[in-house]
Structure formats: structure tokens, C-alpha cells
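Biologist: I have not looked at this one before. Can you walk me through it?
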Amino acid sequence: MGALIPVREDLGLFEGYHSPQVDVDVRLNTNESPYPPPAGWLDALHDAIAALPFHRYPDRRFTALRAGLAELEGVRPEQVFVANGSNEVLQTLLLAYGGPARTAAVFEPTYALHSHIATVTGTKVAVGERNHDFTLDMDDVARVMKDAEPAVTFLCSPNNPTGRIEPPEVVRAVLEQAPGLVVVDEAYGQFSRWSALELVDETTPLVVVRTFSKTWSMAAARLGYCVAPSSVVAALEQVVLPYHVDAMKQAAGTLALRFKSEMQARIAGINEERGRIAAAFADLPVDTWPSDANFVLFRPVHRDGNNVWQALLERSVLVRNCASWPRLSGCLRVTIGTPAENDRFLAALREVLQ
Ligand code: PMP
């Protein structure tokens with residue numbers, strides 16, 4: 001009998017990406033929607049599930065969902081790939097275009113899962129640095145492109161956890177310099193002024209990744225997608241497991257698209273609340289950065305970020321503690337909640353910082 005062998009050496013020192021799931025009154029730490037999906041969606045899903053042929057494998061090509069997403073985004077169905085959350089879309093991209101002997105580029109600070117999934121898929125990671133204001137440093141972009149020749153370059157717009165967007169001229173400049181695929185993670189794209197979706201076509205090596213987890217109030221369903229040249233979508237289908245999108249999820253996603261106007265109204269409400277939080281920050285002793293997402297990064301001035309995080313938790317308000325993350329020393333990130341949740345957060349923060 002073999003022994004319990006150690007895990008792969010390249011994973012040995014590796015920490016997972018977790019946010020504590022604690023029981024609090026106000027949970028503003030994982031950028032979900034504060035609202036459950038519309039009741040009409042749940043009723044329709046109930047009926048759809050009751051009619052599903054559960055003894056059969058699901059539609060492997062998720063035809064209805066794909067057609068709905070193609071219509072939503074104004075592209076052809078062959079340009080849409082769907083998976084279990086946008087994280088699985090990212091993983092499938094790296095399985096197809098990363099792997100041993102290939103490199104993925106990231107510009108820190110950014111979404112930790114980009115380099116995490118790269119490592120898990122055996123892809124080398126080349127790290128570029130952002131400017132102090134978290135905008136992309138184009139000199140460092142040029143350095144990384146030249147030195148590492150990445151097969152995949154990740155951008156994140158709006159960037160998690162900073163909230164900043166990559167403007168069109170920056171995405172275009174990166175596309176010009178990148179020797180491989182450019183992946184723009186737009187998990188928060190619907191909250192933003194601008195989307196790289198308008199740059200996707202059949203010949204540009206650009207993939208835009210989106211999710212149902214935030215705007216669509218469906219984080220529990222684990223559903224994400226990307227829009228890309230059809231040749232890229234074909235490559236993703238080649239490497240992903242067969243029947244990876246289950247029939248319930250296909251129904252859930254397809255039905256959600258009927259509620260586009262409700263979702264747009266929610267986005268408008270959340271963006272308004274984001275403005276209210278940003279305005280409140282202006283009168284508090286915190287540094288903060290402009291956000292195009294459903295969260296805002298801030299750093300208490302003259303106060304230890306960990307202590308502030310703990311003091312908020314003691315008031316039953318949970319935000320994301322980035323205080324000990326590299327390049328984000330002392331920073332916290334708050335998800336925009338309902339107006340009542342945001343009131344609770346602001347009241348607790350005022351009390352803590354006084
Ligand atoms: N990309 C970014 C930038 C994110 O912040 C998240 C969620 N934390 C994801 C992707 C993954 O989202 P999901 O897998 O739920 O679609």
C-alpha cells in the first residue's frame with residue numbers, strides 16, 4: 001500500500017483564499033448583492049425544475065442560456081462560454097491557455113484568485129506592480145510583457161479590491177503590447193461606467209469575464225460566463241469537463257435574463273448608495289479611492305486597520321479585512337449593502353473612528 005504522499009511541492013506554502021463566514025447582522029465582506037432575486041424568478045425556477053428530466057444529462061452546450069447571454073451582450077452564441085461561477089471560467093481559460101511552460105501576468109494588488117488559479121494549473125505567475133493610486137503603471141506593463149511574454153494577461157475592471165476601472169485607452173494599450181490572450185475580469189462590470197465588451201470581436205485576443213453572483217443576486221447558484229472570439233470558446237469547451245453546467249443552473253440563468261430591468265434598477269440603487277458612502281468617507285479620517293464597483297476600499301488614517309476591522313465586527317458589522325495583504329497595508333473593503341445596512345456600517349465606523 002502506498003503512503004499518504006505530500007501535496008504537490010508547488011502548492012506546499014500556499015494559502016487558500018477565504019473570507020470568514022461569521023454570523024453578523026450586517027455582512028458587507030464578499031461583494032454579493034444585498035437583495036435576494038425577484039420573487040417572480042424563484043416561482044419560474046420552481047416550475048422549470050419540476051419539469052426537468054433529471055434522469056438525463058443536461059444540454060452539454062447550454063443552448064438556451066447561451067442564446068440568452070448572446071442576446072444580452074450583443075454577440076453570437078458561439079462567442080459565449082458558461083461555467084460554475086466566473087472563477088471556473090478563469091480556471092478553464094488557464095487550463096486551455098496556461099499550464100506548464102506558460103506564464104500568466106497579473107498587476108498587483110488585484111483579485112487573488114488570478115494568481116491562485118494560475119498556480120493550481122501549473123502556470124507561472126509574472127507579477128507587475130501598480131502605481132500608488134492603483135492605476136496601471138504602463139512602464140511596468142511593458143516590462144512584464146517583454147520579460148515574461150505571458151500567454152495570459154489578467155486585468156480586472158473594476159479591480160477587486162481597489163474598485164478602479166481600467167479605462168478604454170489602457171485596455172487598448174495592453175492589448176497592443178500583450179503577446180497572448182488578455183482576460184478582463186468584469187465580475188463587477190455592470191456597476192461600471194465602461195466595459196471592455198465593446199472591444200470583443202473575432203480577431204482580437206480579448207476575453208471579458210462576467211458573473212451572475214453580484215448584479216444578478218445569484219451567488220449561491222455559481223454561474224459565470226465569458227464573451228470571447230469563437231475560437232477561444234471552442235478551446236474552452238475542449239478542456240472543460242463534460243456536462244459541467246447542470247440543468248438547474250441552466251434554467252436559473254436563462255430565467256434570470258427575463259428580469260433585466262429589475263437588475264438594472266438594483267444596480268442604479270447600489271451605485272447611488274456607493275455615492276453616499278463615498279461622500280460620508282470624505283468627512284471621516286480615512287483614505288479612499290474612486291470605485292466603479294459595488295464596494296469601496298478605504299484605509300483608516302492613524303489607526304490600525306486590524307483593530308478597526310475588529311471593532312466593526314464587535315458592532316456586528318463584517319467588512320473585508322485587507323489590512324495585512326501585500327500593498328494594501330491597513331486597508332478595509334466594504335461592500336455596498338441596503339441603505340439600512342450602509343447606515344449601520346457608517347454609524348459603527350463613525351463610532352469606532354471617534
Ligand atoms: N472575479 C472577481 C474580480 C471577483 O471579485 C469574484 C468574486 N469574489 C470572482 C471573479 C468570482 O466570482 P464567481 O465565481 O462567484 O462568479
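Predicted model: local features only at pLDDT ≥ 70, side-chain atom pairs only at ≥ 80, totals over all residues.

Biologist: OK. Which domains is the protein divided into?

Modeller: Domain 1 covers 9–37 + 261–353, and domain 2 covers 39–258. Their C-alpha centres lie 24 Å apart.

Biologist: And how many residues of each domain are in contact with the other?

Modeller: On the domain 1 side 31 residues are in contact, and on the domain 2 side 34.

Biologist: Now the largest pocket. How much space lies in it?

Modeller: The largest pocket holds about 940 Å³.

Biologist: How many residues line the largest pocket, and which lie nearest its centre?

Modeller: There are 36 lining residues, and those nearest the centre are Thr 30, Asn 31, Glu 32, Lys 214 and Ala 219.

Biologist: Which helices or strands supply at least two residues of that lining?

Modeller: Strand β1 (26–28), helix α3 (85–97) and strand β12 (332–335) each do.

Biologist: What is the lining like by class?

Modeller: The lining of the largest pocket has 15 polar, 13 nonpolar and 8 charged residues.

Biologist: Changing topic to helices. At what angle do α1 and α8 pack?

Modeller: Helix α1 (residues 39–50) packs with helix α8 (residues 247–256) at about 145°, and their axes are 10 Å apart. The crossing of α1 and α8 is right-handed.

Biologist: Which residues make that contact?

Modeller: From α1 they are Trp 41, Ala 44, Leu 45, Ala 48 and Ile 49, and from α8 they are Met 248, Ala 251, Ala 252, Leu 255 and Ala 256. By class, this contact of α1 with α8 has 10 nonpolar residues, with no polar and no charged ones.

Biologist: What is the phi of Phe 62?

Modeller: Phi of Phe 62 is near 35°, a positive value in a residue other than glycine. Phe 62 is in the loop between α1 and α2 (63–73).

Biologist: Last one, Pro 179. Where is its place, and which residues does it touch?

Modeller: Pro 179 is in the loop between α6 and β6 (181–185). Leaving out residues up to four places away in sequence, Pro 179 touches Met 145, Glu 149 and Pro 150. The C-alpha atoms of Pro 179 and Lys 146 are separated by 8.8 Å, and these two residues are 33 residues apart along the chain.

Definitions and conventions:
Residues numbered from 1 in each chain as written. Heavy atoms only, no water. Axes fitted to C-alpha atoms, helices over the stretch in contact; angles between N-to-C directions. Helix = DSSP H or I, 4+ residues; strand = E, 2+ residues; numbered from the N terminus. Left-handed = near helix turned anticlockwise from the far one by under 90°. Contact = heavy atoms within 4.5 Å. Nonpolar A, V, L, I, M, F, W, Y, C, P; charged D, E, K, R; others polar. 1 Å grid on protein atoms, 1.4 Å probe; cavity = no way out; pocket = protein on both sides within 12 Å on 5 of 7 lines; lining within 4 Å. Points joined across faces, edges and corners; volume = space filled by probe spheres on them. Domains from an automatic or database assignment.
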